[in-house]
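Student: I've got a model open and I'd like to learn how to read its packing. Can we go through it feature by feature?

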Amino acid sequence: MKNILIIGANGFTGRQILNDLSNKEQYNATGCSLHPDILPNGDGKYHFVTTDIRDEAAIKHLFKEAQPDAVINCSALSVPDYCETHHEEAYLTNVTAVEQLAYLCEIYKSRFIHLSTDFVFDGKIDENSGQLYTEESLPAPVNYYGFTKWKGENRIAEICSNYAIVRVEIVYGKALPGQHGNIVQLVMNRLNAGQEIRVVSDQWRTPTYVGDVSDGVQRLIENTANGIFHICGDECMTIAEIAFHVADCMKLDRSLIHPITTKDMKEATPRPRFSGMSIAKARTILGYRPRMLKEILMEWDN
């Protein structure tokens with residue numbers, strides 16, 4: 001049995017991974033978060049620890065107790081607008097704390113699986129070219145959030161001898177109480193309430209089902225390959241197109257959706273215009289096969 005430590009286990013993706021791994025006999029799962037377990041009356045299949053990973057002494061104690069064979073880091077300061085105005089806090093969480101985790105993984109000979117983002121790219125690929133970002137594409141982040149995530153990736157690659165960096169993108173699925181919403185659920189909630197919604201029509205993304213991220217991470221626990229892996233969906237579309245898919249599959253009023261340009265949105269923080277990522281490497285090495293957005297939506301209990 002392998003000891004698995006999931007950091008950021010209250011978050012949307014971290015909780016999915018914790019739930020999935022704790023239901024498998026081959027894993028002994030420990031969840032870690034800055035705040036107490038959002039499911040305090042769980043089924044007891046996992047251990048949960050409240051820890052601030054920015055506290056060096058606390059994280060050292062956590063490793064000593066958990067003795068992890070693999071560490072999955074889902075924690076991050078991930079709101080671009082907040083990171084843009086809170087540089088010190090963003091760097092501490094997304095770089096300094098990650099660096100400490102990497103050193104501890106080396107000491108304990110743990111495989112380090114770290115979740116990163118498509119926002120490490122500048123988005124300057126022509127959406128009509130048919131090109132996607134690969135793991136070999138050169139990062140060039142356009143905001144501070146992307147910069148810190150890129151720096152975190154670099155430190156892991158420099159420190160760790162057994163690691164996988166997992167870049168995910170616009171992850172969606174059913175959120176639990178206390179978790180942040182995601183694009184699919186937000187659109188669904190607004191349309192169900194009869195509210196209009198503005199969505200950008202000139203930013204391209206690869207929507208990713210949270211269950212597929214969990215599947216990819218599980219494959220990387222068992223696979224010994226080092227490096228970066230894009231674990232995302234296989235469809236590149238605008239955020240407006242995602243919203244229309246939600247409306248159509250859920251039989252909601254698509255006339256409430258108003259596509260606008262990035263310029264009209266007047267976002268305070270720049271974002272990559274195009275960040276579609278290729279999953280060819282994950283398909284070949286891991287056998288990763290993500291599901292289609294419409295397939296997930298058609299099974300969604302509305």
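Student: Which residues of helix 4 meet helix 5?

Tutor: This is a predicted model, with local features needing pLDDT of at least 70, side-chain atom pairs counting only at pLDDT 80 or more, and totals for chains, interfaces and linings using all residues. Residues are numbered from 1 along each chain as its sequence is written, and side-chain values use heavy atoms, with hydrogens and water left out. Now, an α-helix has 3.6 residues a turn, so residues three or four places apart point the same way. Here the helix 4 side includes His87, Tyr91, Asn94, Val98, Ala102 and Glu106, and the residues they face in helix 5 include Tyr144, Thr148, Lys151, Arg155 and Ile159. Contact means heavy atoms within 4.5 Å; helices (H or I, at least four residues) and strands (E, at least two) are DSSP runs numbered from the N terminus.

Student: How do I describe the way such a pair packs?

Tutor: Two packed helices are described by the angle between their axes and the distance between the axes. Axes are lines fitted to C-alpha atoms, for helices over the stretch in contact, and angles run from 0 to 180 degrees between N-to-C directions. For helix 4 (residues 87-108) and helix 5, the axes come within 9 Å and cross at roughly 15°. The two helices are therefore roughly parallel to each other, a label for angles under 35 degrees.

Student: What does helix 5 lie across?

Tutor: Helix 5 (residues 144-159) lies across strand 5, strand 6 and strand 11, at about 160° to strand 5.

Student: And how do I read the sheet?

Tutor: Strands of a sheet pair through backbone hydrogen bonds, either parallel or antiparallel. In this model, 7 strands make an open sheet ordered 3-2-1-4-5-6-11, with parallel pairing; two strands pair if DSSP finds at least two bridges between them. Strand 3 (47-50) and strand 11 (227-230) are the edges, each pairing on one side only. Between strand 5 and strand 6 there are 6 bridges, and Ile113 has Ala164 in strand 6 as its bridge partner.

Student: Which residues touch the most other members of the largest nonpolar core?

Tutor: In soluble globular proteins, nonpolar side chains tend to be buried together. A nonpolar core is a set of buried (under 20% relative accessible area, 1.4 Å probe, protein chains only) Ala, Val, Leu, Ile, Met, Phe, Trp, Tyr and Cys residues joined through side-chain atoms within 4.5 Å. The largest one has 39 residues, and Ile4, Ile6, Leu21, Ile72, Ile113, Leu115 and Ile221 touch the most other members. Its largest share, 5 residues, comes from helix 7.

How values were computed. Buried < 20%, exposed > 50% of the residue type's maximum accessible area, 1.4 Å probe, protein only. Parallel < 35°, antiparallel > 145°, perpendicular 65-115°, else oblique.
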